Amino acid sequence: VGVEAAMIAHPGGGDRVVLTPRAFVPLNWVFTGVPAHAAGAPELGVNALEALIQSFNAINSLRQHIRASERISGIITDGGEAANIVPAHAAATFIVRAENDALLDALKKRVIDCFAGAARATGAKLKYSWGERYAAMVSNVTLARLFHENMQSLGRPIDLGENSMLHFSTDVGNVSQLVPAIQPLVSIAPPGTMIHTPRFAKAAATQDALRAMLDA
């Protein structure tokens, strides 16, 4: 209420005003099996970790059949307690990204099918929950051009970057569905430097980086 526009400037290894971050949703998965001694009576157990590994393999097979702009990434957060016990609990966190909400919904279903198939194959029970969803970003062209002109007036040429698809997501996408918004990328590091890396962190701790963000 009372907000007419929103802007956030994000440091980067390059300059770009108009960004099109993807729709994004995190998924938390838990497989529950039956514990058993891995050597003495493995036939009595249901291996939750095996279900999770099969899920990863299914996701890897799925990747070659999805759009080039889509991303599926994940980690195992719980893989069991001891090597001589059939794991009765295994968990993972995944992130699914797509160009827009409709494509994200379609991709989510295919990801869920990978885990559900592994559950059926192993006999493990599957539970999953959705995390907070980020909508695809809608960059406001008028705000973007004004930002572009103002940065140039400060002696910082910056690419307007229209029609540029980047492989990340932002909660500003949710804001952009409600009010005009932009999230420019402002260079604080040499071109091509990837964010969230030690090299980028080192560049961020410099006076040049601070001045760039103050200009933004």
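Tutor: Start where helix H2 stops. Gly 123 follows H2, and its phi is positive, near 85°. Helices here are DSSP runs of H or I with at least four residues, strands are E runs of at least two, and both are numbered from the N terminus. The model is predicted, so local features need pLDDT of at least 70 and side-chain atom pairs need 80 or more, while totals for chains, interfaces and linings use all residues. Residues are numbered from 1 along each chain as its sequence is written, and side-chain values use heavy atoms, with hydrogens and water left out.

Now go to the other end of H2. Asn 100 caps the N-terminal end. One of its side-chain oxygens lies 3.2 Å from the backbone nitrogen of Ala 102. That is a polar contact (N or O atoms within 3.5 Å, one able to donate a hydrogen and the other to accept it; sequence neighbours count only if both atoms are side-chain atoms).

Next, the length. H2 has 22 residues, and its end C-alpha atoms are 32 Å apart. At 1.5 Å a residue, the span should be 32 Å, which agrees. The expected span is 1.5 Å times one less than the number of residues.

Which residues of H2 are buried? They are Leu 103, Leu 104, Leu 107, Lys 108, Val 111, Ile 112, Cys 114, Phe 115, Ala 118, Ala 119 and Thr 122. Buried means under 20% relative accessible area, exposed means over 50%, and partly exposed is in between (1.4 Å probe, protein chains only). These buried residues pack against E3, H1, E4, E5 and strand E6 (125-130).

Zoom in on Phe 115. Leaving out residues up to four places away in sequence, Phe 115 touches Trp 29, Phe 31, Leu 52, Ser 55, Ile 59, Phe 94 and Leu 126. Contact here means heavy atoms within 4.5 Å.

Phe 115 also sits in the largest nonpolar core, which has 29 residues. Such a core is a set of buried Ala, Val, Leu, Ile, Met, Phe, Trp, Tyr and Cys residues joined through side-chain atoms within 4.5 Å. Phe 31, Ile 72, Val 111 and Phe 115 have the most contacts inside it. Strand E3 (23-32), helix H1 (48-63), strand E5 (89-98) and helix H2 (101-122) each give two or more residues to this core. H2 gives the most, with nine. Another core lies apart from it, with 15 residues, including Val 17 and Met 151.

H1 is one of the partners of H2. At the start of H1, a side-chain oxygen of Asn 47 comes to within 3.0 Å of the backbone nitrogen of Leu 49. H1 has 16 residues and reaches 23 Å from first C-alpha to last, close to the 22 Å expected. Its buried residues are Ala 48, Ala 51, Leu 52, Ser 55, Ile 59 and Leu 62. Down the axis of H1 they fall within an arc of 95°, so they line one face. The arc is taken from the directions between helix axis and C-beta atoms. An α-helix has 3.6 residues a turn, so residues three or four places apart point the same way. The buried residues of H1 pack against E3, strand E4 (71-78), E5 and H2.

Finally, step back. The chain has six helices and eight strands. Buried residues make up 38% of its 216 residues.
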